Amino acid sequence: MSPGGRELWRFPLESAPVLPPAVDSYGTIYLMSDSRTLMCLDRTGRFVWKKTVDISAVNLYALYDRILVIGHDSTTVYYTDGELAGQIKEAPLHLLFLDPYLYWQKPDGSWNLVDMDTLELSPAETVLPPGTLYPEDHILVSYENKIISGRKDWFMEAMEAGEDAYHPYYQSGSNPGRSRSINILPGQSQRLSRFKEKSGSPLLPLLQIDSQFLSQILKTYESVKSFQELIRMESDYDLVFQEILSDSYVVSSDVYRESLDEYSRYRIYNILCRWGNLKSRETLLFLSEQEQSPQNIALIMDGLGRIGLDVDGRSMVCLQKSADRFPRDSNVLLGAVRNASLLARYNGGRAILKMMNFYTELQQKNPNGSLMMLIRTELKSF
């Protein structure tokens, strides 16, 4: 179901899942269709892969590019594309994920830090404050004179969430312990600073020297068969493209996007729109303000429409601004109408009112026959 209450898709199962599904920050869903079968569905409800696990699962977690299948006395770890990452020869009493660290409490009460690359445990001090309680079926965390309560596994996010734990998103049955909340995804400035620290030299000067290098990167991204395979290969792919396409906002040297050939830019936008997710949304919104080509603006709008989620309304604002910038370009105007309808369907409530106001403005400014027909068609669907 969308946040606006509309059914987005359904997937038939032979039996009820034995555990609550785990959802990662990209919207990918992992579930145990029985105690030994792990199944992956992407955010559109498409079947991606299925694996037989070697333990009887009692708990399931998704942490960025890893899935933890916890048994009675061991834990099997998979990558998001279904490949086996390894096994930890014990099961945790409790887990605490504070990005980028995973804390693991042993049955004897001692805490360890998990190296997610080697899956080795090393002694660590607990980061939980004094007064943390672990009842049998619920978790109560005392934090700055607040009590955050919820299901047993919610505490993984409760410490990060703080006051947000009282947000309706947490109260409505969503499980922040199994799903990285949209409210705490790293902000754009944080992600850019992390990416710059990680990447070192700006990419675009290197790509300008060797255009085949850029083509090789694009071919790699274009050849992947699933989003899970893509993020396994490069979890910050959207920031790679943002750095290539942007100027001094990201890179430190005097580089301009216009020096990148038009076809490469078009290929990059196609990839971002095809594999769009909540992280890509930030990149698409940034690039919508920098891009001057109506054709590329239309691609950006399609990407925002496919992503769907627009809690802060910025995607809808992007469509409106794009229509104002190119009032005579039919591709941009038709794309704005089509994707405003997608955003309204997905988010419901105020998004529908914003869409209708947007349509009214378009009809007043652009009495175009094909545009009017598309608006009437989209309104009938509501």
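How many helices and how many strands does the secondary structure of the protein chain come to? The chain has 14 helices and 14 strands, where helices (H or I, at least four residues) and strands (E, at least two) are DSSP runs numbered from the N terminus.

Before going further, let me say that this is a predicted model, in which local features need pLDDT of at least 70 and side-chain atom pairs count only at pLDDT 80 or more, while totals for chains, interfaces and linings use all residues. Residues are numbered from 1 along each chain as its sequence is written, and side-chain values use heavy atoms, with hydrogens and water left out.

Of the 382 residues in the protein chain, 50% are buried, where buried means under 20% relative accessible area, exposed means over 50%, and partly exposed lies in between, with a 1.4 Å probe and protein chains only. Taking a contact as heavy atoms within 4.5 Å, residues 24 or more positions apart account for 50% of the contacts with a separation of 6 or more.

Now to the cores, a nonpolar core being a set of buried Ala, Val, Leu, Ile, Met, Phe, Trp, Tyr and Cys residues joined through side-chain atoms within 4.5 Å. The largest one has 49 residues, and the members that touch the most others are Tyr 221, Tyr 237, Phe 241, Ile 268, Leu 319, Phe 358 and Leu 362. Helix H12, residues 330-347, gives the most to this core, with seven residues. A second, separate core has 16 residues, including Leu 19, Tyr 30, Leu 38 and Ala 62.

Let me turn to helix packing, with axes taken as lines fitted to C-alpha atoms, for helices over the stretch in contact, and angles running from 0 to 180 degrees between N-to-C directions. Helix H5 (residues 211-223) packs against helix H8 (residues 262-274) at an angle of about 25°, with the axes 10 Å apart. That makes H5 roughly parallel to H8, since angles under 35 degrees count as roughly parallel, over 145 as roughly antiparallel, 65 to 115 as roughly perpendicular and the rest as oblique. On the H5 side, Leu 214, Ser 215, Leu 218, Lys 219, Tyr 221 and Glu 222 meet Ser 264, Arg 267, Ile 268, Ile 271 and Arg 274 of H8.

Within H8, Ser 264 counts as buried because its relative accessibility is 7%, and, not counting residues up to four places away in sequence, Ser 264 touches Leu 214 and Leu 218. With that same exclusion, Ile 268 touches Leu 218, Phe 241, Ile 244, Leu 245 and Leu 260.

Helix H9, residues 278-290, is mostly covered, with ten of its 13 residues buried, among them Lys 279, Arg 281 and Glu 282. Finally, Arg 232 is found in helix H6, residues 227-233, and is partly exposed, with a relative accessible area of 28%. Arg 232 touches Tyr 79, Thr 80, Asp 81 and Glu 83, not counting residues up to four places away in sequence; from Arg 232 to Glu 83 the separation is 149 residues in sequence and 9.9 Å in space, C-alpha to C-alpha.
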